[in-house]
Amino acid sequence: MAVPKSEDQKILQEHSQEKNKSCFILGASGETGKELLREILKQQKFSRVTLIGRRKLNLEGLLYSNVVQEVVDFEKLDESAVAFQGHDVGFCCLGTSRAKAGADGFVRVDRDYVEHAAKLAKAGGCRHFILESSKGADSSSSFLYLRTKGEVENRIQALEFDRFSIFRPAVLLCDRQEIRPGEWMARKVFGMVAYFFPTFMSIPTTTVAQAMANLAVMPAKDRQKVEVLENAAIHALGQSK
Ligand SMILES: NC(=O)c1ccc[n+]([C@@H]2O[C@H](COP(=O)([O-])OP(=O)(O)OC[C@H]3O[C@@H](n4cnc5c(N)ncnc54)[C@H](OP(=O)(O)O)[C@@H]3O)[C@@H](O)[C@H]2O)c1
């Protein structure tokens with residue numbers, strides 16, 4: 001018996017042929033970003049994909065004929081404004097941690113770099129900005145992490161993209177190369193919880209990436225300019241094919 005398709009699946013199939021679009025990815029070397037790149041290349045929904053990052057990536061093994069790499073200095077991003085020009089969609093999976101960069105460094109990357117990149121993208125004609133933020137993002141939070149994520153969401157919203165999609169995933173599940181002890185422990189615990197309650201407190205980076213790629217080719221629901229996808233919605237969209 002045929003399984004009925006969800007609304008997301010129907011919309012996705014109707015729009016799966018839109019190919020003449022260009023996108024950029026910030027953070028393509030990271031855990032979510034690399035899955036996103038893989039997914040975008042697999043789905044072949046964009047005719048041009050630009051990776052904007054602080055270092056050149058080795059893309060061996062990927063089908064990458066339509067991938068361009070732009071190496072930029074995030075402290076002097078205006079000098080690379082041209083890299084942000086002419087894209088329909090911008091994906092942002094950029095971020096660091098307080099442990100790695102210190103409190104100021106974390107804010108600099110997760111808020112200021114992201115905001116600056118979004119400004120250049122908007123000026124360059126980007127219509128749809130898709131941000132990987134975090135569950136609990138809240139500009140009035142007393143926690144630096146959640147406050148910073150809330151602040152960057154607000155700042156990008158103020159830029160008034162035609163469409164701004166905010167992803168708020170819970171703990172990311174992946175085989176992270178970098179050692180982050182606290183996160184490692186959380187991942188072990190949430191990995192077990194996820195076995196019984198898959199959409200509760202965690203999400204695989206592959207699912208986030210699929211959801212981001214899927215959303216980019218779907219029209220906004222109810223013509224919303226700003227949409228927020230919480231963890232359960234990301235799970236649902238990431239599983240639509
Ligand atoms: N970890 C979680 O459980 C979790 C949960 C919810 C939301 N999030 C958020 O989701 C986003 C993606 O997370 P992720 O774990 O997939 O990312 P990740 O693996 O930590 O990768 C981060 C990306 O940002 C780049 N980056 C970091 N510091 C930089 C700097 N100083 N200058 C330029 N580029 C820099 C990295 O480039 P290099 O490869 O060059 O370092 C990499 O491409 C982040 O914003 C994170 O806060 C994370």
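Two residues are taken to be in contact if their C-beta atoms, placed from the backbone, lie within 7 Å. The structure described here is a predicted model. By this criterion, Glu31, Thr32, Glu35, Leu36, Glu39, Ile40 and Gln43 of helix 2 meet Thr205, Thr206, Val208, Ala209, Gln210, Met212 and Ala213 of helix 6. Sorted by class, the residues in this contact of helix 2 with helix 6 are 6 nonpolar, 5 polar and 3 charged. Helix 2 covers residues 31-43 and helix 6 covers residues 205-216; their axes lie 8 Å apart, and the packing angle is about 50°. Angles under 35 degrees count as roughly parallel, those over 145 as roughly antiparallel and those from 65 to 115 as roughly perpendicular, with the rest oblique; helix 2 and helix 6 are therefore oblique to each other. The crossing of these two helices, helix 2 and helix 6, is right-handed.

Helix 6 also packs against helix 7 (residues 231-238), at an angle of about 75° and with the axes 7 Å apart. Helix 6 and helix 7 are therefore roughly perpendicular to each other. On the helix 6 side the contact is made by Thr207, Val208, Gln210, Ala211, Asn214 and Leu215, and on the helix 7 side by Ile234, His235, Leu237 and Gly238. The contact of helix 6 with helix 7 comprises 5 nonpolar and 5 polar residues, with no charged ones.

Helix 3 contributes Arg98, Ala103, Phe106, Val107, Asp110, Arg111, Val114, Glu115 and Ala118, which meet Leu144, Tyr145, Thr148, Lys149, Glu151, Val152, Arg155 and Ile156 of helix 4. The residues in the contact of helix 3 with helix 4 fall into 9 nonpolar, 1 polar and 7 charged.

The strands include an open sheet of 7 strands in the order 3-2-1-4-5-6-9, with parallel pairing. Strand 3 (67-71) and strand 9 (226-230) are the edge strands, each pairing on one side only. From one strand to the next, the twist averages 15°. Strand 2 (residues 48-53) pairs with strand 3 in the parallel sense over 5 bridges, and valine 49 stands opposite valine 67 in strand 3. Helix 2 packs on this sheet, where it touches strand 1 (22-26), strand 2, strand 4 (89-92) and strand 5 (128-132); the direction of helix 2 makes about 160° with that of strand 1.

The ligand is surrounded by 23 residues, of which Gly27, Ser29, Gly30, Thr32 and Gly95 are the closest. Two or more residues of the shell come from each of helix 2, helix 3 (98-123) and strand 7 (171-173). Helix 2 gives the most to the shell around the ligand, with 3 residues. By class, the shell around the ligand has 7 nonpolar, 10 polar and 6 charged residues.

Definitions and conventions:
Residues numbered from 1 in each chain as written. Predicted model: local features only at pLDDT ≥ 70, side-chain atom pairs only at ≥ 80, totals over all residues. Axes fitted to C-alpha atoms, helices over the stretch in contact; angles between N-to-C directions. Helix = DSSP H or I, 4+ residues; strand = E, 2+ residues; numbered from the N terminus. Left-handed = near helix turned anticlockwise from the far one by under 90°. Nonpolar A, V, L, I, M, F, W, Y, C, P; charged D, E, K, R; others polar. Near = placed C-beta within 6 Å. Pairing = 2+ DSSP bridges.
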